[in-house]
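Dear colleague,

Please find below the structure that I am handing over to you. My findings follow directly after it.

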Amino acid sequence: MADAAIVFEHVRKEYPDGTVAVEDLSLEVVEHEILALVGPSGCGKSTTLRMTNRLVEPSGGRILVGDEDVLAADPVRLRRSMGYVIQNVGLFPHRTVAQNVAIVPGLLRWDRQRTKGRVGELLDLVGLPPDRYAKRYPHELSGGEQQRVGVARALATDPPVLLMDEPFGAVDPAGRRRLQAEFWRIQRELGTTVMFVTHDIDEAVRLGDRVAVFSRGGHVEQLADPVEVLARPASDAVRALVGDGAPVRLLGITHVERGDVQPAGTRERPGGAVVELGATLATALEAVAEAPDGLVAVVDGKAADGAPATVVGTLDAPGVLAALRRAVDGAVTPAGAGSAGRG
Ligand SMILES: Nc1ncnc2c1ncn2[C@@H]1O[C@H](COP(=O)(O)OP(=O)(O)OP(=O)(O)O)[C@@H](O)[C@H]1O
């Protein structure tokens, strides 16, 4: 297994009024993963996140980020060394998009040229072309665009660790799905280690390489990959959170693999229904449902400039269900292995 980027050892947080938000938390966040913390309101997710950069002071235990003991670090330097994104991003209203993204580089006294280059790169990365967006003010952006600026700002200095607290919570469902998919791609590109707090199980299983399900007091009910959490909830609390929609959610996070495809029907199907290897089973099932003969061709990657894509076989509805069973039975596609990515 890869190295731990963040380690919590018997961490406790008792607020001055006696509220024990986190009782005794031990948890490891693996380098380069997205760990989604999910659980009902008040279970200690935000407290856990905020102890990591010492916006909240732990009352006991130890937190290591890399090799550094967080409690021994200078809090200001610590905060600057990690990205942090919250729900209402808190952009400075009288500064432009570019100036907002440049805040931490400014604090770290980067020179103008380096900052300008980095800001341009980041705005491109989050889908806000600098020539159109750099000079705008926050009020000239949609909610989703503001969140993108928040993400760009948090990534400005390419921090190894990014803390995100309901970052897409205020965005409408369609925009949210788009942001999730784009953020997932960005994270894969940069390899940033991410702790992501959400109360939305759908978001947790779509984005998380692993999901930590919390219950009150910062207790970890289950820590596993998303398929495991959906298919085999470890406790009643997890079952309650997952609810009735587990099979449908599994379709959305499991990807078509070569082994799922029937090689028999490798005939070309010009104009027929096609899905790509790596597409989600939900996408495949939709295509199967719409195909007149209930059969879709599975292709390997996108066709380049009009050239026909390589057909690797066919898939029908029983094939999709078999693929779902394959995933649930444990031969889980490693996160990110699907060529089509998330979303
Ligand atoms: N500053 C504070 N003083 C006292 N109690 C607090 C403080 N901040 C949080 N709490 C309490 O600590 C517990 C955990 O809160 P926390 O915000 O970490 O939960 P959460 O899981 O992030 O909840 P939500 O999903 O609603 O944001 C709650 O009971 C909350 O009321």
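**Surroundings of the ligand**

The ligand is surrounded by 13 residues, and the closest are Y15, A21, S41, S46 and T47. Please bear in mind that this is a predicted model.

Four of them form an open sheet of 4 strands in the order β2-β1-β4-β5, and the pairing is antiparallel. The edges are held by β2 (20–30) and β5 (68–69); each has a single partner strand, so one side of each is left without a neighbour in the sheet. For β5, the partner is β4 (residues 60–65), and the two strands pair in the antiparallel sense over 2 bridges. In β5, E68 is the bridge partner of V65.

**Residue F8**

F8 lies in strand β1, which covers residues 4–14. Is F8 buried or exposed? F8 is buried, because 24 other C-beta atoms lie within 10 Å, and the cut-off for a buried residue is 20 or more. Leaving aside residues up to four places away in sequence, F8 touches L25, S26, L27, G61 and I63. By contrast, R178 is 170 residues from F8 in sequence, and the two are 32 Å apart in space, C-alpha to C-alpha.

With kind regards

Notes: Residues are numbered from 1 along each chain as its sequence is written. This is a predicted model: local features need pLDDT of at least 70, side-chain atom pairs count only at pLDDT 80 or more; totals for chains, interfaces and linings use all residues. Two strands pair if DSSP finds at least two bridges between them. A residue is buried if 20 or more other C-beta atoms lie within 10 Å of its own, exposed if 12 or fewer, and partly exposed in between; C-beta atoms are placed from the backbone. Two residues are in contact if their C-beta atoms, placed from the backbone, lie within 7 Å. A residue is near a molecule or strand if its C-beta atom, placed from the backbone, lies within 6 Å of it.
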